[in-house]
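Please read the following report alongside the sequence and the three-dimensional view.

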Amino acid sequence: MATQINPCCSSSTTFSPSSLNQETFFSAKLFNFSRKSSPSRWVFKIHSRINPKNQFELKSSNGYPLNAVSLQDVGPNNVMNQSHLPSFNSLRRLFLISCYHFLLAFRVGAAEKPLAKEVVLPEQTGSSLSVTIVGASGDLAKKKIFPALFALFYEDCLPRNFIIFGYARTLMTDEELREIISRTLTCRIDKRENCGDKMEEFLQRCFYHSGQYNSKEDFAGLNNELKQKEDGKSSNRLFYLSIPPDIFVDAVRCASCEASSKTGWTRVIVEKPFGRDLESSAELTRSLKKYLAEDQIFRIDHYLGKELVENLSVLRFSNLVFEPLWSRNYIRNVQFIFSEDFGTEGRGGYFDNYGIIRDIMQNHLLQILALFAMETPVSLDAEDIRNEKVKVLRSMKRLCLEDVVTGQYKGQSKGGKSYLGYTEDPTVPNNSVTPTFAAAAFFIDNARWDGVPFLMKAGKALNTRRAEIRVQFRHVPGNLYKRSFGMDMDKATNELVLRVQPDEAIYLKINSKVPGLGMRLDRSDLNLLYSTRYPKEIPDAYERLLLDAIEGERRLFIRSDELNAAWSIFTPLLKELETKKIAPELYPYGSRGPVGAHYLAAKYNVRWGDTAGDE
Amino acid sequence: MAAFSTSMTHCPSSSSSSSAAAFASNSCAINRIHQQIALSSIRLTRKLCLRKPSRAVHVQDGASTMKVSPAKNDGPAKILKDGMLSVPPVILPEESIDIASLDLNKESSTVSITVVGASGDLAKKKIFPALFALYYEGCLPKHFTIFGYARSKMSDAELRTMVSKTLTCRIDQRENCGEKMDQFLERCFYHPGQYDSQENFLELDKKLKEHEDGRVANRLFYLSIPPNIFIDAVKCASTSASSANGWTRVIVEKPFGRDSESSAALTRSLKQYLDEDQIFRIDHYLGKELVENLSVLRFSNLIFEPLWSRQYIRSVQFIFAEDFGTEGRGGYFDNYGIIRDIMQNHLLQMLALFAMETPVSLDAEDIRNEKVKVLRSMRPLRLEDVVTGQYKSHTRGGVKYPAYTDDKTVPNDSLTPTFAAAALFIDNARWDGVPFLMKAGKALHDRRAEIRVQFRHVPGNLYNKNIGTDLDLATNELVIRVQPDEAIYLKINNKVPGLGMRLDRSNLNLLYAARYTKEIPDAYERLLLDAMEGERRLFIRSDELDAAWSLFTPVLKDLEEKKVVPEYYPYGSRGPVGSHYLAARYKVRWGDVGSEQES
């Protein structure tokens, strides 16, 4: 059953039916405002007449196209050779034909937009990929992006012709950039051969261009360099914006106007923060949309790239045993827990402006919640999944102040070492009331989840570092073994734990009999610890996400309407916290966080799973 | 890991949080407490040991529910049975009890265990060691004596020498082992006698009385003798050696007859001398740790509750395999065959526990009522749904393994099955149409006993494309491995870590050896202790036995009348391929021969 569906296969994914379908669809959509009829449907109809057998591929629902033939179709074969499979080729051919029809219909319109895509159909070997990291000298670039790109290269997941450009204000030579990058590259532990060679090869493909983020000329200069390196091949360009939010829009404008690909796609990966409330986020989206179409924007939430978050859907939808359990009938509450064991450590400038709710809850935890709670999507395609996520987010009650507990860490001396409080951080104002900890209770007002509390907890400077999902099941009604449990029935409920980090694991707490004479029950775990089952290193979330962006797989990126729905849940609360200047509950650095969190849980008759005595 | 603390403990310990100190001297209680894996949150709400017998007063026990209810009230046995009736009935709110009076009672009562057939194999290998283990763990009452009874002439000392050869101490608790052994052996005595001699049993009675020394005498007879002398021994024991002022109970070993008629006749005969609640029919599989745990899993975990029906379960398999043949001891076996020896009792009992409805309580009668119900909902097994096999000789690595019929104790033309596979159905709302497959065999390639629960396909599985063509390989499966290496695991589909989307079946598992370092007690220990405490949950009631036989009797008759030739399979193989076709007929697949790696 080990059907290998590895996105690595498709260095040719540019032409994969799914991406073509979507892109062309979106370029079509852009012009909808100028025409009353729905041209896309019209074209689909034409197409289906031409190619009736293929009809299914082109139906659309919810205003988003279905990727009827998705990557997963490729079949159970060798990873690297999938593009040579006849089935894939024939599908591709069908699609190429359909795309020609499509293009013919929209050629005229496509030229009007600065970044509207021109879909061309070059031979695989003739296309090239350029990844430009805007903000190349930043921390994220050094620690995550370059290493992830190298890992992809090392695993042969990048197309044959690719180049990487660093772009930043600092003056630097290519050599200097390579020097910086090389310090953070590592090879997979399980596959060390040729590591040095590969690194050398990789670095040779890295270049640097210095420029201002708001200078069209500088981006034009970059464009020239890119063109030169692309060497006349059709070019696909990916921009990774690893820059502060205030210069996002400028950079997008310059990149899109001056450095868009004329012969392939252009995509932009954007990092959080995506605004700081509903309005600013909507504003940012509007600005981005001036220069980019929806399907060019890849809002990254690296939690969605984590192995166990990816696995969440697999667990839910490919195991019958979980299916009947996944509702208010059996689940008593769900907890999403994030904790870090360090504070801002002198880098609170950015954080203080946002706080833990915006930094962790509104994006990472809420995204996981949406994946957890959504209805079964029509398919695994990006649009289908994101449609379901939007639905569940829109069914959620807005968070109200009574359902939130905020905290801020204070200084603490432990074992002779003293840890600074949040406000002692020189980059944080002394009177800051920004929460570094928050706990919140959410409710989803739909048939599946009515009344089930979804608890979230996120904090810095706590006693451990972890991210996990805990699903607590209800009591056994009429439990025959009640007497064997003692007074606290809560200790006897089942619990499913997905530990996202560290030490990825899935375990299910069950009651079983302690071996021996007599009848003593104990909660033991049915467990799967990844490190024992899968000796291979688990790839970093950024690798997966970069690869998906390159391949046009949007499943793990956040769509504009999703973002909107997410902000509407949090914005009223955030405003209230700020206007009322609610003082956070102080908790010592390295502690378990404010006790208020327990009272919040108690209010809904539940108990945090991570602080039970049995962990 | 919060350990939920005990109730229903078997041992003569009793403590509520308020009175724990008073019982600190009770070694068994202490042991139990030490067993707790995490002591962080012990909440002692122990059920008092003596509550159990006291229940006899409420007559969950038998009569009301029994099909064959004791009509005659005269025999001495009746009058004398269940001395607990004389105990002030203890009906109590959980925590408050007049402990002192119970304790007093304990002091003045004694238990005598007579192993009838003491020179036999079972006695030496299982019964005496189990008794010693109970003693070692402090689970026997203060005053107890053990008598061996058999035809051979032997002195007490000789018996002790014989017994001492097989005693061992728990690996995890070796202190004082030698000392304890000596103390134990001092309590062992021997009385030679014929199994059908009233006089010999009278002599035994006299000796027992001496040892009981005027205390309330409770007597347990363990009949470890061939079936043809069962009744005689029961008759003599009950008329001549019953306790005059305490209870008298008799543990009976299989075979309980060889079909409906003979089993009913046996029951009738037993009932002439014993009441239903004095008969303890032992099925040692019911004493296995994981069989005990089966009900705990089912009824104390919400997550299994919705799954436990035809809606989610596609098939259930009960598998028993031994990796050796009769090895020169086929005389008994040849008269019974694997279906009677393993399926009709061990596997069927597990099936009944697996499939029964939720009982009203955990009391013996409630559980056995449910087991009877489910057994009576089952269709009698048909010949088409059975595959039989017999092992033939096989040479491997230069070693020649003999065929079943090569065994000197087996007739050359024997058609007795040493392997059988069967498909059973329960015609009730919960299980209609779900095949319950059983497979049992000797001389197979490995040794194991397990329950496999195969779940249905995921309807409309989004990941079908990632699974490949054989969707059967992607269904969930819950495996309860009874032996060896006790384990519970749930096969789930999981994404293989890494880029891409590759699915894989991995196990959510609980391997007992890894989780519980303590040695798991032998089934006989549990069952002996239960019999002494009057806990009948794990013993087979007469109507249960009846129901079980009526499922198998027609097919057994058919097999014998039609002289159905078993399919031959090589010694040490995986058994006849016929079993696969049987499974295939019901569109399922044996889980134990899957190509994947078992953990």
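## A buried leucine and its surroundings

Leu204(B) is buried, because its relative accessible area is 0% and the term covers anything under 20%, with exposed meaning over 50% and partly exposed what lies in between (1.4 Å probe, protein chains only). This is a predicted model, in which local features need pLDDT of at least 70 and side-chain atom pairs count only at pLDDT 80 or more, while totals for chains, interfaces and linings use all residues, and side-chain values use heavy atoms, with hydrogens and water left out. Residues are numbered from 1 along each chain as its sequence is written, and chains are lettered from A and ligands numbered from 1 in the order in which they are written.

Leu204(B) belongs to helix α8 (residues 198–212) of chain B, where helices (H or I, at least four residues) and strands (E, at least two) are DSSP runs numbered from the N terminus. Apart from neighbours within four places in sequence, Leu204(B) is in contact with Thr114(B), Phe147(B), Tyr149(B), His191(B) and Phe221(B), contact meaning heavy atoms within 4.5 Å. Between the C-alpha atoms of Leu204(B) and Ser240(B), which are 36 residues apart along the chain, the separation is 8.6 Å.

## The sheet of chain A

In chain A, seven strands form an open sheet with mixed pairing, in the order β5-β4-β3-β6-β7-β8-β19; two strands pair if DSSP finds at least two bridges between them. The edge strands are β5 (206–210) and β19 (557–558) of chain A, each of which pairs on one side only. Strands β6 (residues 234–241) and β7 (residues 266–270) of chain A are paired in the parallel sense over five bridges, and Phe239(A) stands opposite Val268(A) in β7(A).

Two helices lie across strands of this chain. Helix α4 (residues 139–154) of chain A lies across β3 (127–134), β4 (162–168) and β6 of chain A, running at about 165° to β3(A), and helix α7 (residues 216–230) of chain A lies across β3, β4, β5 and β6 of chain A, at about 165° to β4(A). The axes behind these angles are lines fitted to C-alpha atoms, for helices over the stretch in contact, and the angles run from 0 to 180 degrees between N-to-C directions.

## Cysteines and rings

With a disulfide taken as a pair of cysteine sulfur atoms within 2.5 Å, the count over all chains is zero. Cys257(A), for example, is in no disulfide, and the nearest cysteine sulfur, that of Cys254(A), is 7.2 Å away. Cys257(A) is partly exposed, with a relative accessible area of 27%, whereas Cys206(A) is buried at 0%.

| Pair | Centre to centre | Angle between planes |
|---|---|---|
| Tyr303(A) and Phe338(A) | 6.1 Å | 65° |
| Trp449(A) and Phe454(A) | 5.2 Å | 85° |

Tyr303(A) lies in the loop between β8 (297–300) and α10 (307–318) of chain A and Phe338(A) in strand β9 (residues 331–339) of chain A, so this pair ties together parts that are 35 residues apart in sequence. Tyr303(A) is buried at 4% relative accessible area, and Phe338(A) is buried at 5%.

Conventions:
Rings of Phe, Tyr and Trp (its six-membered ring) pair if their centres lie within 6.5 Å; planes under 30 degrees apart count as stacked, over 60 as edge-to-face and the rest as tilted.
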